[in-house]
Amino acid sequence: HYFFLGDNRDNSNDSRFLDTGPGYIYKNKLVGKAQFLFFSSDYRVGSVFKFWNWKNIIRFERFFKKIN
């Protein structure tokens, strides 16, 4: 079994919800593999909603990076 956690903690229907959500996922139900990193930000620096600080928050060098 695998545990999946959504990136929007307060609004994700993920493995934390065993009754109403997907719960734990069986290995034989996995059908693909992540191949690209689409978007990346550093939440420790600040929120992406503070657009005036994007040069420090968003990790542009990781956009569309191929995952090995």
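**Around Ser40**

Modeller: Let's begin at Ser40, which sits in the loop between strand S1 (36–37) and helix H1 (54–57). Keep in mind that this is a predicted model.

Colleague: Okay, is Ser40 buried or exposed?
Modeller: Ser40 is buried, because its relative accessibility is 5% and the cut-off for buried is under 20%.

Colleague: And which residues is Ser40 in contact with, leaving aside its neighbours within four places in sequence?
Modeller: Ser40 touches Ile58, Arg59, Arg62 and Phe63.

Colleague: How far is Ser40 from Gly23, going by C-alpha atoms?
Modeller: Their C-alpha atoms are separated by 26 Å, and the two residues are 17 apart along the chain.

Colleague: Switching topic, what pattern does the protein follow along the sequence?
Modeller: The order is β-α-β. The protein is more spread out than a compact globule, so its radius of gyration of 15 Å is well over the 11 Å that the globule rule gives for 68 residues.

Colleague: What box do the C-alpha atoms fill?
Modeller: Roughly 40 × 30 × 15 Å, along the principal axes.

Colleague: How much of the protein counts as buried?
Modeller: Of its 68 residues, 15% are buried. The accessible surface is about 6400 Å², with 57% of that belonging to carbon and sulfur atoms.

Colleague: Nice. How many positive and negative side chains are there?
Modeller: There are 12 positive and 6 negative ones, and the centres of the two sets are 9 Å apart.

Technical notes: Residues are numbered from 1 along each chain as its sequence is written. This is a predicted model: local features need pLDDT of at least 70, side-chain atom pairs count only at pLDDT 80 or more; totals for chains, interfaces and linings use all residues. Side-chain values use heavy atoms; hydrogens and water are left out. Helices (H or I, at least four residues) and strands (E, at least two) are DSSP runs, numbered from the N terminus. The radius of gyration is taken over C-alpha atoms; the globule rule is 2.2 Å times the number of residues to the power 0.38. Buried means under 20% relative accessible area, exposed over 50%, partly exposed in between (1.4 Å probe, protein chains only). Accessible areas come from the Shrake-Rupley method with a 1.4 Å probe; for residues, only the protein chains shown count as cover. Lys and Arg count as positive and Asp and Glu as negative; His and the chain ends are not counted. The place of a charge is taken as NZ of Lys, CZ of Arg, CG of Asp or CD of Glu. Contact means heavy atoms within 4.5 Å.
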